[in-house]
Amino acid sequence: MSTAARSALGVLCLALAVLFAPARVSASTAADYVGADTCKTCHEDVFKNFETTPHFKTTLTKRGPEWQGCEACHGPGRAHVDSGGDKSKIFVFTGAKAEDVSKRCLSCHQYGEEHSNFDRSQHNTNDVSCIACHSPHRAKEKQFLLVSKQPELCYGCHTDVKQDFNRPFRHRVEQGLVQCSDCHNQHGGFLTKQLRATAAQDQVCFKCHTDKAGPFTFEHQPVKTEGCGSCHTPHGSTNPRLLKRAQTNLLCLECHTLTQDSNIPAPPSFHNQSQKYQACTMCHIQVHGSNIDQFFFK
């Protein structure tokens, strides 16, 4: 999907969220709201940035003043204006509790699978609020109002992952061909590591590696039961094909070893495993599955 198309989709989703969001329960009346034009008289520099964002479209809604402009996020501004700009009379995001910030954002943005599981997300449980990644006023990335572009934004916290993408063989996240959010739902979900699909079924991997998806007549069971991560490291590796081991036969022998009460076949006696660089895949070339041969020869 092109950037323009994704941007248009984002605007459409925002419009639908505002249209179908539940009514807000508030003791405030229409007289407590002063309108965005009043905010502009003091916060002109902020308002200029606000005009360029998707949030500006809230000024066009007819649902009521509590859904419009600056006060849709900051709350009614009458007391703030009458007090000469007292910050305690209005909701200020800077310094607010992460839980309070996220509740404000989710009052509009809690729609669909993308945002609906934020309460159970690792970001939420670790007090990472929406504005830790998004900036409604001074975003560096226009489409999603991010404070900086991926992957630098994610690296700010996930420093242990950054080094993986500097290894000789890696997914091309640094080059911008793959993004962290292609595989992970940063807003939360039901799965470990906030993956967009289970590690066992690997629908995330199969989005790109379609030739490995199958179904095959002869399945290699670990692909279906343990997932791609049983053999590959997802971010980066010092080994070709992101493999966990430098020697392919050692990787295969982690499962294919003579073990009591195991239904996994061990190497036949005529297989010579003494050669240092021998690789099982020299013969068993279709290790992800085959439609022709039960031993994955072709």
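**Notebook: backbone exceptions, a core and one serine**

I began at Lys 193, which is exposed, with a relative accessible area of 68%. I am working from a predicted model. The phi of Lys 193 is positive, about 60°, although the residue is not a glycine. I placed Lys 193 in the loop between α11 (180–183) and α12. For reference, I noted that most residues other than glycine have a negative phi, and that most peptide bonds are trans.

I then looked up Leu 242, another residue other than glycine with a positive phi, near 60°. Is Leu 242 buried or exposed? I found a relative accessibility of 12% for Leu 242. The cut-off for buried is under 20%, so Leu 242 counts as buried. Leu 242 sits in the loop between β3 (236–237) and α14 (248–253).

Next I went through cis peptide bonds. One joins Gln 150 and Pro 151, and its omega is about 0°. Pro 151 belongs to the loop that runs between α8 (122–125) and α9 (152–155). I also recorded a cis bond from Gly 214 to Pro 215, where omega is near 5°. I found Pro 215 in the loop between α12 (203–206) and β2 (218–219).

I turned to side-chain packing. Which residues make up the largest nonpolar core? I listed five: Ala 36, Cys 39, Phe 47, Phe 50 and Cys 70. Two helices, α2 (36–42) and α3 (44–50), each supply at least two residues of this core. As background, I noted that nonpolar side chains tend to be buried together in soluble globular proteins.

Then I checked Ser 230, in the loop between α13 (221–225) and β3. What does the side chain of Ser 230 reach at 2.8 Å? I found the backbone oxygen of Gly 227 at that distance. Setting aside neighbours within four places in sequence, I have Ser 230 in contact with Pro 222, Lys 244 and Leu 251.

Last, I took totals for the protein chain. I counted 14 helices and four strands. The chain has 298 residues, and 27% of them count as buried. I put its accessible surface at about 19300 Å², with 57% of that belonging to carbon and sulfur atoms. For contacts between residues at least 6 apart in sequence, I noted that 50% join residues at least 24 apart.

Methods
Residues are numbered from 1 along each chain as its sequence is written. This is a predicted model: local features need pLDDT of at least 70, side-chain atom pairs count only at pLDDT 80 or more; totals for chains, interfaces and linings use all residues. Side-chain values use heavy atoms; hydrogens and water are left out. A nonpolar core is a set of buried Ala, Val, Leu, Ile, Met, Phe, Trp, Tyr and Cys residues joined through side-chain atoms within 4.5 Å. Buried means under 20% relative accessible area, exposed over 50%, partly exposed in between (1.4 Å probe, protein chains only). A polar contact is a pair of N or O atoms within 3.5 Å; within protein, one must be able to donate a hydrogen and the other to accept it, and residues adjacent in sequence count only if both atoms are side-chain atoms. Contact means heavy atoms within 4.5 Å. Accessible areas come from the Shrake-Rupley method with a 1.4 Å probe; for residues, only the protein chains shown count as cover.
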